[in-house]
Amino acid sequence: MDNYKVALDAIFHALSDPTRRAVVHRLGAGPATVSELSAPFDMALPSFMKHMRVLEEAGLVSSSKSGRVRTCTLERDRLAAAERWFEEQRALWSSRYENLDKLLDQLQGDGNGS
């Protein structure tokens, strides 16, 4: 559970920045070089690389280097961990709302003399 929580903390931290979310979105279409990924952003390459390091440390992105070209790939399994967390939260709250609906129905039934 602790490793799961630590991994989620790193993933949500990485996704808290709009630049990093845009990179993840772009990589959803397929691998890309660092140059391709950094092109839409008005920032120096060292600043962009800091964002890439955060994504790599969270395990959301991996990269490989061939000569002078670094190609990045989205690690979909790590992104799926965040999706599972949202699904768990959705199920928990859905159950709570169902219980609240049942209680309200019961209270309304009691008030109507039935």
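**Entry 1: ground rules.** I am working on a predicted model, in which local features need pLDDT of at least 70 and side-chain atom pairs count only at pLDDT 80 or more, while totals for chains, interfaces and linings use all residues. I number residues from 1 along each chain as its sequence is written, and side-chain values use heavy atoms, with hydrogens and water left out.

**Entry 2: helix α4.** I took helices as DSSP runs of H or I of at least four residues and strands as runs of E of at least two, numbered from the N terminus. I then listed the buried residues of α4, which are F48, H51, M52, V54 and L55, where buried means under 20% relative accessible area, exposed means over 50%, and partly exposed is in between, with a 1.4 Å probe and protein chains only. Seen down the axis, these buried residues fall within an arc of 155° and so line one face of α4, the arc being that of the directions from the helix axis to the C-beta atoms. P46, K50 and E57 are exposed on the other side of α4. For M52 I noted a relative accessibility of 1%, which is why M52 counts as buried. M52 is also 37 residues from L15 in sequence and 11 Å from L15 in space, C-alpha to C-alpha.

Entry 3: Helix α1 covers residues 2–14, and its 18 Å from first to last C-alpha is close to the 18 Å expected. I found A7, L8, I11 and A14 buried in α1; they fall within an arc of 125° seen down the axis, so they line one face of the helix. D2 and V6 are exposed on the other side of α1. In α2, residues 18–27, the buried residues are T19, R20, V23, V24 and L27, and their arc of only 140° around the axis puts them on the same side of α2. P18 and H25 are exposed on the other side of α2.

**Entry 4: the sheet.** I followed three strands in an open sheet of order β1-β3-β2, with antiparallel pairing; two strands pair if DSSP finds at least two bridges between them. Because β1 (32–33) and β2 (61–66) stand at the edges with a single partner strand each, one side of each has no neighbour in the sheet. β1 and β3 are paired over two bridges, and A32 has C72 as its bridge partner in β3. β2 and β3 are paired over six bridges, with S64 opposite T71 in β3. The hairpin of β2 and β3 has two residues between the strands, and in this hairpin G67 takes a positive phi near 70°.

**Entry 5: the largest pocket.** Its volume is about 170 Å³. I wrote down the lining as T33, V34, S35, L45, M49, K65, R68, V69 and R70, to which α3 (34–38), α4 (45–57) and β3 (69–74) each give two or more residues. A pocket here is an open set of points on a 1 Å grid over the protein atoms alone, where a 1.4 Å probe fits, with protein on both sides within 12 Å along at least five of seven lines, and lining residues have an atom within 4 Å of a point.

Note on methods. The expected span of a helix is 1.5 Å times one less than its number of residues. Grid points are joined across faces, edges and corners, and a volume is the space filled by probe spheres set on the points.
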